[in-house]
Amino acid sequence: MIERNHPTLSIGAQCRLLSISRSSFYYEPRGETEMNLALMLLIDRQFLETPFYGVRQMTWHLRNEGHAVNQKRIRRLMRLMGLMPIYQKPNTSRPAKGHKTYPYLLGGLRVAALNPLTDLIRRHVFAAHRLYADDTVIKVLDPKVAIASKGARRAVKEGRIWVYVRDDTPFAGSDPPAAAYFFSPDRKSEHPQDHLTGFSGVLQADAYAGFKKLYEPDPKTGEPRIVEAACWAHLRRDFNDVFKATGSEIAKQALERIGKLYDIERAITGEKANVRKRIRQKMSAPIAAAFKVWCEDQLGRISGKSDLAKAMRYGLNRWPAFTLFPENGEVGIDNNPAERAMRPIAIGRKNFLFAGSDAGGETLADAMTLIETAKLHGLNPELWLADVLARINDHKINRLDQLLPWNWTPLNADENTAV
C-alpha cells in the first residue's frame, strides 16, 4: 500500500513516477494536496482489482481501511482521474477553474508512465517487412447512443481493437517478435491506413475491405507499397463450417487437400527462409495448383448460391494472395500469429465486459502492447512491468531500449529466477 507518509518514497517522487504534476491538482493547502494524491493512488490500485466500483463502494472500501473520507471527496477525485462511469462523468468541455480533468481509466496512471516504451515497441513492429494483422470488436460505453435513441438502446457502442504482429521465429529470423495494439471507435478503413502509413512490405490479413486501398499500386512507381498475403486458415474454416453443418463430401475433400499444405508447414517450421521456399516450391505449389483446378471444376457442379461455392470463390478471387507463400519463405501460410494475439481480448470481453470510454479503449490497447510483447519473450508480464515502473523515471532517455522485453535484465538474481 502506498500511504501519504511512505517510508522510502516521497509524495513528490510518486508524482514524478506517475508523470503527474503537483500543479495539476486542486489549489489547496499543501497537506490537503498530498492527502488527495495518496487517496488517488489508493483509488487507482483498488480500481485495478475491482473496476466496477462506483463512488459509494469506493468510499465504503476506503473507510474500512481507516481513511476519513466522504462520498463528495471521492466523487471529485474519481472524476479527476477519469474513473467515474461514463454516464456519471461531468461535462469536461468547460472544466471548472482550478483543476484539470484527466482521462485515466483502468490503471491509466501506470500505463501512461510507460508510453515511451509503448511507442518504441510500435516503431519496432512497423519497421518490419512482414506483418500479421487482425481486429476484433470491443464494447464501449457511450451515453450518446442512449440519448439519440431516447432510451430505446443501451448506452453501448462497438469499438475495435487492432493488432499488428511482427514474428520472424517461423523462419528462424533474428529480429525480436512484438505486437502493437490500437483502439478505434469504429471499423472505418481510415484506421488501418493510418496505422500502416510508414509500413512497406507484406501484410497477412483477412479479406477486410478496408485493406484494399493499401494494396493499390503507387501512382509514381506503379508498384504496391504493401503486398497482400491471404490466410489459408480462414479458407479452411469456411469449408469446415460447411462440413460440420451438412457433412458435405466435397467440403471434406477440400479440408483434406488444405491439410496436406499444413503437413508440409509443420515439417518446415523453424527452418531458414531459403529452405522453406525450396520445399514449398517443390511440394506445396503443386498441391495449391491442383486445389485451384479442383475448385474451378467443382463450381460447375454445385449451386452457385451455396456456402460451399462462396468458400471456393473466396479463395479463387484472391488466388495471387493465397499463393504468395510458396514464392517467399518468410511469408506464413496463415494469419494465426495475429489471431493468437487477439485471444486475450476475446477472453477479456467476458471479464471486463466493456471499456468505459474511448480513452479506456486506448489505455487497453497500450497495456496489451506491453503485456503481449513481454509474453512473446517468455517473461512474466507482472514482474517485468513492476520492475520497469520502478526504474523508468530515473532511466536515461537515450537508453530506454534497455527496458524493452527483448533487452531487459532484472536488477537481482531472485527477480531473474521469478521472471
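## Cores and charge pairs in a predicted model

Visitor: Which residues have the most contacts inside the largest nonpolar core?

Guide: This is a predicted model, where local features need pLDDT of at least 70, side-chain atom pairs count only at pLDDT 80 or more, and totals for chains, interfaces and linings use all residues. Numbering runs from 1 along each chain as its sequence is written, and side-chain values use heavy atoms, leaving out hydrogens and water. A nonpolar core here is a set of buried (under 20% relative accessible area, 1.4 Å probe, protein chains only) Ala, Val, Leu, Ile, Met, Phe, Trp, Tyr and Cys residues joined through side-chain atoms within 4.5 Å. The largest one has 35 residues, and those with the most contacts inside it are Leu117, Leu131, Tyr164, Leu196, Leu203, Phe211 and Trp384.

Visitor: What does leucine 117 touch beyond its neighbours within four places in sequence?

Guide: Contact means heavy atoms within 4.5 Å. With those neighbours set aside, leucine 117 is in contact with Leu370, Trp384, Val388, Ile392, Leu400, Leu403 and Leu404.

Visitor: How far apart are the N and O atoms in the salt bridge of glutamate 330 and arginine 130?

Guide: Side chains of opposite charge can pair when their charged atoms come close. The rule for a salt bridge is a side-chain nitrogen of Lys or Arg within 4 Å of a carboxyl oxygen of Asp or Glu. For glutamate 330 and arginine 130, the N to O distance is 2.6 Å.

Visitor: How many residues separate arginine 187 and aspartate 135?

Guide: Their side chains meet in a salt bridge at 2.8 Å, N to O. Arginine 187 sits in the loop between strand 3 and helix 8 (190–195), aspartate 135 in strand 1, and the two are 52 residues apart.

Visitor: Which side chain of opposite charge is nearest to arginine 276?

Guide: Arginine 276 is found in helix 11 (residues 273–299), where helices are DSSP runs of H or I, at least four residues, and strands are runs of E, at least two, numbered from the N terminus. One of its side-chain polar atoms lies 2.7 Å from the backbone oxygen of glycine 329. Arginine 276 is buried yet has no salt bridge; at 4.2 Å, the nearest side chain of opposite charge is glutamate 265.

Terms used
Buried means under 20% relative accessible area, exposed over 50%, partly exposed in between (1.4 Å probe, protein chains only). Lys and Arg count as positive and Asp and Glu as negative; His and the chain ends are not counted. A polar contact is a pair of N or O atoms within 3.5 Å; within protein, one must be able to donate a hydrogen and the other to accept it, and residues adjacent in sequence count only if both atoms are side-chain atoms.
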